[in-house]
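Hi there,

I'm passing this structure on to you, as promised.

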Amino acid sequence: MGKSSGSAKTPSIAADNLESKQQLSIIDILGEGQIEGPVGGLKGVYLNKTPIEAADGSYNFNGVEVEWVAGTQAQEPLSGFSETQNEVPVSLEVKYSTPIVRTITDPNIDRIRITAGVSALYAQTNSGDVVRTSVKMAVQIGSGNNWTTKKTIELNDKKTRSQYLTSVILDDLPAVPFNIRVTRITPDSTSDLLVNGTLWSSYTEIYDVKLAYPNTALVGLRFDSSQFNGVPSRTYLVKGIMCQVPDNYDSISRSYSGIWLGEFKTEWTDNPAWIFYDLMTNDRYGMASRFGGFPIDKFTLYSIAQYCDEMVDDGFGGKEPRFTCNCNITEQEQAYDLIAKFCSIFRALPVWDGLQLTAVIDRPSDTVAVYTNANVVDGKFNYSSAAMKDRHTAARVKYVDPDYSYETVTEYVADDDLIKRFGLNVSDVEGFGCTSRGQAHRVGKWLIATEKYERQTVNFSVGREGLRHLPGDIIEVLDNDYAGVQSGGRIKSAEGKIIALDRDVEIGTNSYITYQDMNANLVKVKVSSQKSANTVVVDEDVNADEWSTWILTNNEVSSRLFKAIAITENDDLSLSVTALEHNPAKESIVDEGAAFTPDPNQSLNWAIPAIESLAVSVTPDSDLYQAVLTWSTPRTMSNLEFQVTILRNGNLVSRQTVPEMSVTMNNIDDGNYTASVRGISTEDGRLGDESIVTFTIAAPSTPAQLAFAVTSNSVTIKPLMPSSVGLGTTFEYYKGTTLAEVQAMTNYLGRTSNSLIDADVLASTTYYYGVVAVNAAGRSGLRTGSVTTESDSVGTAGGIFRIKTSDGVFPVNSDDATELFYNVLGMYPSQDTVLIVYSADVDNNITHSEQKMYNGSMWVTPALFLDGDLIATGTISGDRLVAYTEIKAPVITGGTININDRFIVDKDGTTTIKSGDAGGRLVINNETITVYDESGKKKIEIGRLYDQ
């Protein structure tokens, strides 16, 4: 039979009654002093990347004590840190039969703290109960067999499932050297039911001394280690070293008051110009002792500092200083490399001008020198351009982002037009000292814009005139050979407002003479008239030396700006100048136009992500329309959906919540629509920021007018709309020689989304054009306009040009060929321009050549190309013959000549000249000259009138 009764119970588990609590004291060096100090008090002190005090004033950690000193020469020691400690890790298990021994040799140690404990401590009965147990260790001092127990670590009736550590202090230490050891008194466990492993974690050498650490900024922390699993990482947000700044400067408002007399005060600043000055002039942590007491150009730095403090767009709708510097210099490096890094922050070059160290920044400035063929050696300018592979179309700029816990992030900057044309070529850049996304964006834009707009380098040699400027100065170059006209030279004499030049010139519209006056200043005056081929009259009296340099500029010819980057002395004592093309508009291109969407994807950020790239596309749907809304978010999160609201003419059409990032609206009517999208959390109903897009479903308006750009061989037509366009609006173009023809819309040119270039035109001819705007909802009315092409002057159509390259191969892509033509010749090709690309050996013998002709839109291979003499015995026919300057034809044999029925030469030599369509004419043959009136009646006849 089975048992009639019984009992059972679940195993019991005793509660843990061991908890490690240690007071941790740490002193950290913040850096060289004197510093301003932590930002926001405890808000600027981070443990494990978490601030002690949160932004709302609450505390993330309890019982933390912080004390800091700024790092002055006479500072007091930290008051709460009367000792210095050096912890030495041991991290070994202590067995009953194997004590752990360590040797102490430092005679300056006053005390030793031993940290030991158990990895876990508990016992288990046969019935499964988990109970408390005991273990005992001893800390001893001695050697060999002579050991004295100084402290005992005894854990009686205790239990813990995790590691537990405790500490004991050893005082009254013997003379060094001596040994300390930790031994286990309780026998080792021999059963899996008893867990009582012991360990020696570390020992700490304690020195009873107060150290002030002069000129070193320190911070001391004390806190309960139970809040952390190990020693936490510490980071500090501080306003760093205080620098010398002008005594009239307020570093907080970034303002300067009154006139600066060159005196300084000590104050914190993040202006990179004054940080650079302080680094160069400080004799403790800077370069003053190495620099030998030579001066720094503080007044130039004053101007640079003001440039740094100017407010520019920050990309988020606000303003920020153009340049700031927030960095830690933690490693040694070459002095010049560090100087160059600081100068790179404000786009400058460090320059020794012979007397002092100065810096020249890349920004628009006045021209300091003018060079023409007349004042350079041999009249030669040598040009070179950067290889296409060296021109970057995008940049990745690394910077430290405060919104991401001061981690290093990357800002991507790109020029989509350059990428489309030349492909993606990315440069990786470090934004030294940069903690602003806007500043990082400007670093990338400056790099791309520099390589885009400043591609050409010029090199030439000059005499002592090259001493008038330094590297970084802006110079003006007018190369007669490059410009194709005589627009630069020397002044032969100047008296009053009359200037005699060393060569003949042609005065164009709005002509100006720039010359160097007797005070070495550049003066630009307007030319009022031309007295003779080489003499001009200007609006102002001229104060110039004989043989001073001059340049002539007007609407057709202009000089070019370059920035000197190197000046070296040649063996013949002349100076060689190397300069890079300079575009003053680059500053505004770089500093303006940044627009960022605030990114909520930040540490400890649970906000609903913003809606980005909200767009709409509309297509016809039977008699109505279909609209598709699409958008994106910078990040995703769980339980995220989107609330979409549609209004038509101000009235609600629909409101819906969708899980996807798109929504389709069917069967919608004409009208003005507003669509709004915002994120919503399905968990707690929180709403994100709303993003709105408006669109109109209606036929487009008729273009307000047509804008034209004309040459002798092309017409560019651009419709101007009265309001913004949408729904994928495009434009249809029509052409005619009369208004009626274009209104009939029979000559269709094509459809574009912006403008159209018509290359099928003749010079000095009037054409009519019409444009219709078209979208998914319908068509607009016809807007017409007329324009007359320019006259076909010499050199505007046709011409033969030669460019030498390394391989003599003509570029396959027409855009690349046009780019080559512009880069070398400084102008764009016109219709019928012929370009010969060739290569040559060292003896200048042509090794290969290829040629094409420009038809107004692309480069094509002509049916016949001649580069030399032509001897033809047959017939040369065609609809036109284009030449560059003149046609030399000493003998025309056979045939007749007929020019517009106005000038006719028959085969027998009879010549008829007519001035109109009536009968009036002059007829010349080998015997008579006869004049007829408009009715055809003979009025005059001279010559052989009768036979003799």
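**Salt bridges and cores**

The count of salt bridges comes to 32, where a salt bridge is a side-chain nitrogen of Lys or Arg within 4 Å of a carboxyl oxygen of Asp or Glu. Please keep in mind that this is a predicted model: local features need pLDDT of at least 70, side-chain atom pairs count only at pLDDT 80 or more, and totals for chains, interfaces and linings use all residues. Residues are numbered from 1 along each chain as its sequence is written, and side-chain values use heavy atoms, with hydrogens and water left out.

One of these bridges joins the side chains of E65 and R222, at 2.5 Å from N to O. E65 sits in strand 5 (residues 65-69) and R222 in strand 17 (residues 216-224), so the bridge ties together parts that are 157 residues apart in sequence. (Helices, H or I with at least four residues, and strands, E with at least two, are DSSP runs numbered from the N terminus.) R222 counts as buried at 17% relative accessibility, while E65 is partly exposed at 40%. Here buried means under 20% relative accessible area, exposed over 50%, and partly exposed in between (1.4 Å probe, protein chains only).

E454 and K586 form another salt bridge, with their closest N and O atoms 3.2 Å apart. This pair links distant parts of the chain, 132 residues apart: E454 is in the loop between helix 6 (437-453) and strand 33 (456-462), and K586 is in helix 8 (residues 586-591). Both E454 and K586 are buried. There is also a network, in which salt bridges that share partners join E310, R322, R347 and D591.

Now to the nonpolar cores, which are sets of buried Ala, Val, Leu, Ile, Met, Phe, Trp, Tyr and Cys residues joined through side-chain atoms within 4.5 Å. The largest has 34 residues, and W274, F276, M280, I304, F342 and F346 touch the most other members. Among the elements that each supply at least two residues of this core are helix 3 (298-309) and helix 4 (335-345). Helix 1 gives the most, with seven residues.

For the overall picture, the protein chain has ten helices and 66 strands. Of its 948 residues, 39% count as buried.

Enjoy exploring it!

Best wishes
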